[in-house]
Amino acid sequence: MEETRSEIAQREGFSSSIGVIAATLGSAVGLGNIWKFPYVTGQNGGAAFILIYLIAVLLGSLPVMISELMIGRKTNANAVGAFKKLTKREPWFLVGVSGVLSAFLIMAFYTTVAGWVFSYIFKAATGTIHSTNPEQTSAVFQGLVSGVGEPLFWQILVLGITGVIIMAGVAKGIERVTKILMPILFVLLVIVDIRSLTLPGAAEGLKFLFLPDFSKISFGVVLAALGLAFFKLSVGMGTMTTYGSYMGKEEDLPRTALKVMLADTLVSIMAGVAIFPAVFAFGFEPKSGPSLLFITIPTVFASMPFGRFFMVLFFILVAVAATGAMLSLLEVPVAYLVEEHKLTRRVATLLTIVAIALVGSTATLSTSLLSQHLFFGKNLFDLYDFVTSNILLPLGGIFFALFVGWRWGYKGMLVEFSNDGRLRNEGVAKIFFILVKFVAPIAITLVLLAGLGVF
Ligand code: PHE
């Protein structure tokens, strides 16, 4: 009894429904919205890609997100422990293991980009990137990514900050911080959107973003959309299982997932509106890749009144968005080590961040010292990104869906979905069940195989 009580005390979760939304949205909103979404959209044909992305969200990642939240809340456990509690002597826990590995690998390259973002706060403050000339901002970015000591320093700093917050206990830290900063991020995006939209030539960017060009769509592009849909909502790897385990029994999980998905999509589109009109106005190529955020955005700010001030603020907020996501990524292996291997939170966190620093440095150095090391034509940074987003997350997603659809079954699932009938959402539950039982696993499998060129 004592033990149960202290276990419960240790797992003290989010304190309010607003906190649940803020923390979950904090995980979903991150570099994926402000960095990845715009450039992947840019590379893959604009609006046609967004449309496919939305279909992938509705049929794939949203049902998986709800599945994960339910599995987590039902078991009150980390990604691996949750499956161990739900099944005995069955290999389902491997889904959790794959999740822990994915979280680790995503952190390896995510901290590289987060490091760039943190360094940009200072570059913005000191005026280094305050230029309306793309060539100049581009040179600054190239200087950063082709360096060694500078990007490593920022990556390790980012890991340190994330680690300290995780050690102090996630729920209170994330919950409190995200509740304040999410709205501010939103307001700032509106300001940048307005500025971007009022630039001469902005209409071209809007056309690019909102007029679909289906000639660009291939299986590879559909796979990219699916991968992004999983990455964006932090699903397929146990983050939402872990966060679900901190949610109360009265929380309406399907509704929470829907709200987070809508808000996250809105932020992604707003980031697109902030970037593409400016891209065209300044004569950039819309598909110039990951550097879009680091080369284009500074020129936009440099061209507006109080630009330096807003640029600093903007990069602070991108950094904060990234931090919310990193907290949820780090929490996956840490919760696993604490609960399954009985480490203290402090030791678990330290071990994990040291390991991430080691692997992550190879991502950071993939544009400098290790740039000659290519695997399947990709440098290490791109490889980690591709393997997680385009393979591990969709694969994890298939198994989360299969678990709920086939192993858990309708009745067991319904108890969690409807809070034991109190939510009266059985109609939606039926649709959800068809999605996780048939539609999501089949669709994700087909896209995964086709995208990898199997047929
Ligand atoms: N969703 C986060 C983003 O958009 C990234 C993330 C992926 C976080 C997977 C947790 C798990 O930046």
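Predicted model: local features only at pLDDT ≥ 70, side-chain atom pairs only at ≥ 80, totals over all residues.
Residues are numbered from 1 along each chain as its sequence is written, and side-chain values use heavy atoms, without hydrogens and water. Local features need pLDDT of at least 70 and side-chain atom pairs pLDDT 80 or more, whereas totals for chains, interfaces and linings use all residues.

Trp 406, Ile 434, Phe 438, Ile 442, Leu 446, Leu 449, Leu 452, Val 454 and Phe 455 make a nonpolar surface patch of about 900 Å² (residues with over 30% relative accessible area and no salt bridge, nonpolar side chains joined within 5 Å; Shrake-Rupley areas, 1.4 Å probe). Five residues come from helix α18 (residues 426-451), which gives the most to the patch. Leu 452 lies in the segment after α18; Leu 452 counts as partly exposed because its relative accessibility is 38% (between the limits of under 20% for buried and over 50% for exposed).

Two cavities of 30 Å³ or more were counted (sets of points on a 1 Å grid where a 1.4 Å probe fits but cannot get out; lining residues have an atom within 4 Å of a point). The largest cavity has a volume of about 120 Å³. Its lining comprises 15 residues, with Ser 27, Phe 231, Ser 234, Ala 325 and Leu 329 nearest the centre. Two or more lining residues come from each of α2 (17-28), α6 (93-126), α11 (219-232) and α15 (307-341), and α15 gives the largest share, three residues. Eight lining residues are nonpolar, six polar and one charged.

The second largest cavity holds about 60 Å³. Its lining includes Gly 26, Thr 178 and Leu 317, and α9 (170-197) and α15 each supply at least two residues. This lining has six nonpolar, three polar and no charged residues.

Conventions
Patch = residues over 30% accessible without salt bridge, like charges linked within 9 Å, V, L, I, M, F, W, Y side chains within 5 Å. Salt bridge = Lys/Arg side-chain N within 4 Å of Asp/Glu carboxyl O. Helix = DSSP H or I, 4+ residues; strand = E, 2+ residues; numbered from the N terminus. Buried < 20%, exposed > 50% of the residue type's maximum accessible area, 1.4 Å probe, protein only. 1 Å grid on protein atoms, 1.4 Å probe; cavity = no way out; pocket = protein on both sides within 12 Å on 5 of 7 lines; lining within 4 Å. Points joined across faces, edges and corners; volume = space filled by probe spheres on them. Nonpolar A, V, L, I, M, F, W, Y, C, P; charged D, E, K, R; others polar.
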